[in-house]
Amino acid sequence: MEIRCDFDSGNIQVLDASDPQDVRLALRPDLNSPHFQWFHFCADGLTPGQRYTFDLTNAGHSSYTGGWPGYRALASYDQRDWFRVDSSYDGQSLRFSLDAEQPRAWFAYFEPYSRERHAALVRQAIEQAGAELVATGRSIEGRDIPLLRIRRNPQATRKLWLIAQQHPGEHMAEWFMEGLIERLQQKDAELDYLLQHAELYLVPNMNPDGAFRGHLRTNAAGTDLNRAWASPSAETSPEVLFVQAHMRQQGVDLFLDIHGDEEIPYVFAAGCEGNPGYSERQAYLEAEFRKRLEERGEFQSLHGYPRSAPGKANMTLACNHVGETYQCLALTLEMPFKDHDLAPDARTGWSGARAKRLAGAVLSTLSSLVEELR
């Protein structure tokens with residue numbers, strides 16, 4: 001058996017693969033950063049009918065150890081159909097097993113979203129959803145960061161921004177963006193209403209270097225982009241500088257930052273209630289967004305992060321920074337790495353397909369709220 005990770009978003013270290021019942025592995029940290037939790041590797045030369053057990057020996061020292069209880073790893077034979085496998089965590093190691101049906105299998109922390117698929121998504125947005133490539137930023141390692149605009153009414157006054165995958169291991173975020181772009185190819189009353197009143201600004205992947213390298217949390221400089229919004233720099237966070245520059249040019253009436261959460265098995269949102277300038281209008285809009293999205297399924301408001309005390313927000317976060325700067329509705333939308341306990345799926349857990357469906361529900365919610373944003 002050969003185990004490798006020399007491909008897009010690959011991450012694993014092989015310690016000992018001599019015993020198929022105890023393949024000992026380790027998670028590799030992000031470049032220039034101590035963060036680690038993402039994994040993605042291929043096991044080749046499997047014997048169909050034989051059980052293989054993989055042991056992530058340093059899981060107990062990863063960035064979010066609370067993410068392992070109740071978590072089940074993902075496997076695929078074709079990199080398209082991903083399914084959950086039996087997994088267990090003892091406080092030190094995460095162990096998972098596969099009864100091999102084919103000689104090659106891939107394993108990942110979540111369903112990966114490749115750079116190849118990202119490029120196809122950008123083409124699809126332009127050619128089929130009518131998007132305009134407004135500008136292209138550059139990551140530290142020179143990868144493209146497309147900024148797309150959907151504009152169907154030149155007189156539309158609202159500017160709605162959605163960005164994804166600041167944290168590169170949160171691949172569900174770009175699956176969400178794919179669902180958004182697919183919904184934007186349709187024509188229906190909700191979309192027509194939304195796009196009569198608003199332009200959409202989309203950044204499908206904020207952190208292409210980290211995603212390609214198999215990072216969990218940071219870019220190639222070891223910077224957590226979602227802790228860089230108060231003082232980004234060309235040297236360590238050019239990705240944030242790029243988006244902020246275009247926000248200043250265009251304006252912002254709504255901001256959604258799409259993420260995944262390792263520990264909480266629910267879809268939820270975090271607001272900017274701790275901002276010093278948080279207003280009653282922002283509180284109203286936030287409550288309405290939550291209520292209206294919850295009515296469309298999947299999303300819920302009971303489980304999530306503790307609310308920040310007034311004036312105690314971390315202003316380095318994108319949501320807080322944008323909400324304060326533009327006095328707009330600003331939310332971080334979180335999806336689980338595990339399952340969504342509100343509506344569990346034993347085979348896939350939370351998945352790329354479910355993230356895509358959530359995106360459609362978000363667009364419907366924005367349509368219902370668009371005229372109230374200002």
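The model is predicted.

**Helix H6**

- H6 runs over residues 280-294.
- Its 15 residues should span 21 Å at 1.5 Å a residue, and the end C-alpha atoms are 21 Å apart, so the two values agree.
- The buried residues of H6 include Leu285, Phe289 and Leu293.
- Charged side chains are on that list too: Glu286, Glu288, Arg290 and Arg292 are buried.

**Helix H7**

- H7 (318-326) is mostly covered, with seven of its nine residues buried.
- Those residues are Ala318, Cys319, Asn320, His321, Val322, Gly323 and Tyr326.
- They pack against helices H5 and H6 and strands S15, S16 and S17.
- H5 spans 238-250.
- Just after H7 comes Gln327, with a positive phi of about 45 degrees.

**Largest pocket**

- The largest pocket holds about 640 Å³ of space.
- Its lining has 37 residues, and those closest to the centre are Phe268, Ala270, Tyr305, Leu317 and Glu334.
- By residue type, the lining has twelve nonpolar, 14 polar and eleven charged members.

**Second largest pocket**

- The second largest pocket holds about 370 Å³.
- It has 16 lining residues.
- Nearest its centre lie Gln79, Pro112, Tyr113, Ser114 and Glu116.
- Here the lining divides into six nonpolar, four polar and six charged residues.

- Strand S12 covers residues 144-150.
- Six of its seven residues are buried, so the rest of the structure largely encloses S12.
- Buried here means under 20% relative accessible area.
- S12 pairs with S11 (residues 132-138) through six bridges, and the two strands run antiparallel.
- Within that pairing, Thr136 stands opposite Pro146 of S12.
- The hairpin of S11 and S12 has five residues between its strands.
- In this hairpin, Gly142 takes a positive phi near 90 degrees.
- S12 also pairs with strand S14 (residues 198-203), again in the antiparallel sense, over three bridges.
- There, Ile150 has Leu200 of S14 as its bridge partner.
- In a regular strand, side chains alternate between the two faces of the sheet.

**Asp86**

- Asp86 sits in the loop between strand S7 (82-84) and strand S8 (87-89).
- Its relative accessible area is 53%, and the cut-off for exposed is over 50%, so Asp86 counts as exposed.
- Beyond its neighbours within four places in sequence, Asp86 is in contact with Arg51, Arg95, Phe96 and Ser97.
- Ala73 is 13 residues from Asp86 along the chain, and their C-alpha atoms are separated by 7.4 Å.

Notes: Residues numbered from 1 in each chain as written. Predicted model: local features only at pLDDT ≥ 70, side-chain atom pairs only at ≥ 80, totals over all residues. Heavy atoms only, no water. Buried < 20%, exposed > 50% of the residue type's maximum accessible area, 1.4 Å probe, protein only. Helix = DSSP H or I, 4+ residues; strand = E, 2+ residues; numbered from the N terminus. Pairing = 2+ DSSP bridges. 1 Å grid on protein atoms, 1.4 Å probe; cavity = no way out; pocket = protein on both sides within 12 Å on 5 of 7 lines; lining within 4 Å. Points joined across faces, edges and corners; volume = space filled by probe spheres on them. Expected span 1.5 Å × (residues − 1). Contact = heavy atoms within 4.5 Å.
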